[in-house]
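Try each task before you read its solution.

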Amino acid sequence: MSSRSCLLAAAASLLLAAPARGQAPAPTTRELERINWMEFREVVPAAVDTVLVPLGTLEPHGVTANGADIIAPVAIARAIAPRVNAMVAPVVAYGMTGSMDAYPGAFTIPEEAYRPYVKAVLTGLARTGFRNIILVNGHGGPQTAVLAALGVEVGREARVRTLVVNWWSYCADVTLEVFGEDGGHAGENENAFMLAIDPALVQRERYSGPEMTTANPAPGTWSAYPAPSSIGLYREGQGFPTFDPVKATVYFERVNDKIARLVEDTIRKWNLIDR
Ligand SMILES: [Zn+2]
């Protein structure tokens, strides 16, 4: 390239990079660990005042990854961030695993450590300028109650708006729609979600059928430690994995679409309150 065309190219790229008058620049990345402080200052909150925070844990999941509860919410956040105009915070990966912490590669963070740590993460995000903090949770059990309580606490104390979404239960209707039956922990729906993210995350040849699954106990009926299976069906006889790659893609897209709609709708309504 000649020096003249070099100069022209440089001028053109400057023009492209410059924001239109009165318009904040679009971020070069949606990920908080990839942005530098100068760009962050330009973007948050002027152009982007929403942050998606994925949360998970390490827990056995049948024939898919111990980190399924980490990988899924990260994938959701990355998929919907441009549509809902949000940044994506680094995942809070370690969580409150519960009765599956006895399985190889799993462990749990006690609530006394988890609760103040997550609270500090959310408060920190509020302090950096985000107004809408969306928790995309990948893990059930007592973690959901802790996150719901923290959402209220941090919202009130830091004067921000918070939304907590437990993706698998919020999208239980999508599971019914796509698979014609209910799912389960590490069941049909969760394996499908992982397959859609990366087929290498699911080792279907290790699946030995219904004997490696147990239906979740109805409340107050029984409990066991460790949980007898790492695949826990929500409803007896439903949700056995079939590893259908076509349904997996459809499921992934519909789940993300439903969660994006919830985030958009909630923010729109929050803005009506503060008008
Ligand atoms: Zn899971």
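**Exercise 1.** In which kind of crossing, left-handed or right-handed, does helix 4 pass helix 5? Work out how the two helices pack, and keep in mind that the model is predicted.

*Solution.* 
- Step 1: helix 4 covers residues 111-127 and helix 5 covers residues 142-158; their axes sit 10 Å apart at an angle of about 40°.
- Step 2: angles under 35 degrees would count as roughly parallel, and 65 to 115 as roughly perpendicular, so helix 4 is oblique to helix 5.
- Step 3: the crossing of helix 4 over helix 5 is right-handed.

**Exercise 2.** Sort the residues in the contact of helix 4 with helix 5 into nonpolar, polar and charged.

*Solution.* 
- Step 1: list the partners. Helix 4 brings residues including Tyr114, Val118 and Leu122, while those from helix 5 include Val146, Leu147 and Leu150.
- Step 2: the tally is 10 nonpolar, two polar and five charged.
- Step 3: check for salt bridges; Glu111, Arg115, Lys119, Glu153 and Glu157 are linked in a network of them.

**Exercise 3.** Which parts of the chain does the salt bridge between glutamate 264 and arginine 83 tie together?

*Solution.* 
- Step 1: find the pair, whose side chains meet at 3.2 Å, N to O.
- Step 2: Glutamate 264 is in helix 9 and arginine 83 is in the loop between helix 3 and strand 2, so the bridge ties together parts 181 residues apart in sequence.
- Step 3: look at accessibility. Glutamate 264 is partly exposed at 33%, and arginine 83 is partly exposed at 41%.

Terms used. Residues are numbered from 1 along each chain as its sequence is written. This is a predicted model: local features need pLDDT of at least 70, side-chain atom pairs count only at pLDDT 80 or more; totals for chains, interfaces and linings use all residues. Side-chain values use heavy atoms; hydrogens and water are left out. Axes are lines fitted to C-alpha atoms, for helices over the stretch in contact, and angles run from 0 to 180 degrees between N-to-C directions. Helices (H or I, at least four residues) and strands (E, at least two) are DSSP runs, numbered from the N terminus. Angles under 35 degrees count as roughly parallel, over 145 as roughly antiparallel, 65 to 115 as roughly perpendicular and the rest as oblique. A crossing is left-handed if the near helix is turned anticlockwise from the far one by less than a right angle, and right-handed if clockwise. Contact means heavy atoms within 4.5 Å. Ala, Val, Leu, Ile, Met, Phe, Trp, Tyr, Cys and Pro count as nonpolar, Asp, Glu, Lys and Arg as charged, and the others, Gly among them, as polar. A salt bridge is a side-chain nitrogen of Lys or Arg within 4 Å of a carboxyl oxygen of Asp or Glu. Buried means under 20% relative accessible area, exposed over 50%, partly exposed in between (1.4 Å probe, protein chains only).
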